Amino acid sequence: MPESRAEREKILGVAHAIERSTHKEPERGFRVIITGKGGVGKTTITALLSHLLSKDGFTLLAVDEDPQMNLPYALGVPKEQGDAVVPLTKNLDYVEEKTGARPGAGWGSLLRLNPDVSDVVERFGIKGPGGISILVMGTVVAPATGCLCPENALLEAIVRYINLREREVILMDTQAGVEHFGRSLAQGFDQAVLVTDPTFNAVQVALHAARLARALGIPTRHLVINRVRSENDIKKVRGLIAGSEDLFTDQVVLPYDEQLIECEPGVEPLLAGPAVSPFVEGVRTLKATLVRFGTP
């Protein structure tokens, strides 16, 4: 029997309500994924960018997706506080509550792929120096615990859920390599910072990551050449990327700085000392570039 006009209007009203509830407002902030080969300086750069942006009045969420979970220490969180942080992927009850499947429980569980994670930062985030919010995602390190689908669904939902208002920024420090581009975790990021040092292997990882980032639709891809000791280092990297320059929106050079070893794990002494660090000045240039590309 044909629906009445009132019934049709009611159905349309429900449909419009569902559409409004499932579409976020346009973002006014920006989100950046920092990636590259292991040991090229991703965490240090993420921590410095977080502090510099925070000092400029941005509201920061620094997300540590690296299994090493060193970002809180690099940001200046005391060791005792950092050691007490339980990463999201080890909060098994929370993962099960949100996704409907308990990590390590085996195959066959019905998995919610779009869990509600609106409470995640409030429940599991910590505050670091400068008021920077820190979220440690962690990883699953125990062998033979089965599919990582619940953890991956949770991590992806967290990244998708957070809608950024003006002058809000997410910086995500990733694990080494390019696995995060193979999942949907990297989707939705506005910019990718692809960190390399002047070595063949590191440049190859940066090139691979840049190709994947472009395929995922990340429009802005910055090549950061870290630990540069001479012009020859720059020439070497540029020779290795010859023919693929179009993968990168721009290039930033960061000189090698002995102070990094002296002050590690925290980066705050680099910002507090009276001497101007060429490395920090290079990161300031990167920060200004991120803001320029991230401003609507």
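1. Two strands pair if DSSP finds at least two bridges between them. Strand β7 (residues 220-228) is joined to β8 by 5 bridges, and these strands run parallel. In β8, Q251 stands opposite L223. Strands (E, at least two residues) and helices (H or I, at least four) are DSSP runs, numbered from the N terminus.

2. The model is a predicted one: local features need pLDDT of at least 70, side-chain atom pairs count only at pLDDT 80 or more, and totals for chains, interfaces and linings use all residues. Residues are numbered from 1 along each chain as its sequence is written, and side-chain values use heavy atoms, with hydrogens and water left out.

3. The open sheet has 8 strands in the order β3-β4-β2-β5-β1-β6-β7-β8, with mixed pairing. Its edge strands, β3 (126-127) and β8 (250-255), each pair on one side only. Helix α2 packs on this sheet, and β1 (30-36) and β2 (59-64) are among the strands that it touches (contact means heavy atoms within 4.5 Å).

4. Helix α2 (residues 42-55) and helix α13 (residues 278-294) have axes that come within 10 Å and cross at roughly 65 degrees. Axes are lines fitted to C-alpha atoms, for helices over the stretch in contact, and angles run from 0 to 180 degrees between N-to-C directions.

5. Helix α10 (residues 231-240) lies across β6, β7 and β8, and runs at about 140 degrees to β7.
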